[in-house]
Amino acid sequence: MIDRPRFLLAAALLGLAACGSGAGGNTSSAGTVSSPNGSSVDSGATTTAPPTDTDLDAADGAVTDDTVDEPTEPVAVSTGDSAVPSTEPSEPPVTDPDAPASTVDGPATDDAATDEDPVGPGEVAEIPDRWELQVTSVNLDADELVASFDPVNPPPPPGSHYVLVAIAGTYLGQDAAQPVFDWALSDGTNEFTPSIPGCGLVPGSLFDIEALQANDSFGANLCVAVPAASIESGLELFLKPLDDRAWYFTLE
């Protein structure tokens with residue numbers, strides 16, 4: 001006759017062992033279970049299934065074959081040659097309002113450019129193979145301008161004013177040359193020549209012009225003190241290049 005309580009207990013234990021093996025995944029464990037009468041019941045041998053590739057990937061946190069790397073966008077490097085120019089407006093160049101014009105612009109004169117037939121205002125005198133010359137402006141009372149340009153500049157003699165004559169020229173020669181001229185202002189009777197210190201430092205002085213190449217142009221200011229009476233009677237400028245005659249220009 002079967003001991004019913006003992007049979008039910010053994011079956012329950014075997015069922016529990018089977019459930020434990022199913023819940024443990026790939027690893028099952030078994031051992032001996034003591035029965036109420038002290039005997040042991042073998043629940044089965046311990047077995048361990050080898051890990052699969054999926055288990056290893058999951059354990060290591062590796063990326064599976066289903067994961068696709070996103071393409072990396074190339075990083076653009078800007079160089080000096082390929083940089084996008086600024087759209088901000090540039091600052092306008094700073095110019096000296098007292099600087100003389102450096103472009104010869106006017107009709108060629110028909111005058112002889114002599115004392116009796118001087119070059120008229122705005123006209124251009126051509127010294128063959130050497131210079132084109134033109135008077136571009138005249139300031140018959142440049143006292144304040146000269147004083148403001150350099151406070152060290154001396155005032156003109158009493159009863160006189162500084163006369164500032166702006167000239168422009170183009171070099172027609174081949175070898176480099178500087179615009180070196182003897183010059184003076186004349187009222188028809190007296191000549192007024194530059195001296196030291198004279199007007200002192202003036203903007204755009206003829207002495208500041210560097211050597212010119214063929215077809216280069218220049219602008220320069222000439223300054224000298226002239227008595228007020230001579231200014232009222234009218235003045236002429238003469239320019240005398242080296243090894244040449246004097247060329248006369250009417251000033252108004």
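Predicted model: local features only at pLDDT ≥ 70, side-chain atom pairs only at ≥ 80, totals over all residues.

Is Arg130 buried, partly exposed or exposed?

Analyst: Arg130 is partly exposed, because its relative accessibility is 26%, and the cut-offs put anything under 20% as buried and over 50% as exposed. Arg130 also has a charged partner: Asp244 forms a salt bridge with Arg130, and their closest N and O atoms are 3.8 Å apart. That pair ties together distant parts of the chain, with Arg130 in the loop between β5 and β6 (131-139) and Asp244 in the loop between β11 (235-241) and β12 (247-251), 114 residues apart. As background, side chains of opposite charge can pair when their charged atoms come close. By the rule used here, the count is one salt bridge.

Asp182 sits in strand β8 (residues 181-186), and beyond its sequence neighbours Asp182 touches Phe238, Leu239 and Lys240. The C-alpha atoms of Asp182 and Lys240 are 5.0 Å apart, although 58 residues separate the two along the chain. Asp182 counts as partly exposed, since its relative accessible area is 48%.

Now the loops. Asn153 lies between α3 (143-149) and β7 (160-171), and with 9% relative accessibility Asn153 is buried. Leaving out residues up to four places away in sequence, Asn153 touches Val146, Cys199, Gly200 and Leu201.

On to the backbone. The peptide bond from Ile196 to Pro197 is cis, with omega near 5°, and Pro197 is in the loop between β9 (191-192) and β10 (217-227). That loop also holds Asn215, whose phi is positive, near 70°, in a residue other than glycine. Another positive phi belongs to Ala113, near 60° and again not a glycine; Ala113 is in the loop between α2 (53-60) and β5 (125-127).

Methods
Residues numbered from 1 in each chain as written. Heavy atoms only, no water. Helix = DSSP H or I, 4+ residues; strand = E, 2+ residues; numbered from the N terminus. Buried < 20%, exposed > 50% of the residue type's maximum accessible area, 1.4 Å probe, protein only. Contact = heavy atoms within 4.5 Å. Salt bridge = Lys/Arg side-chain N within 4 Å of Asp/Glu carboxyl O.
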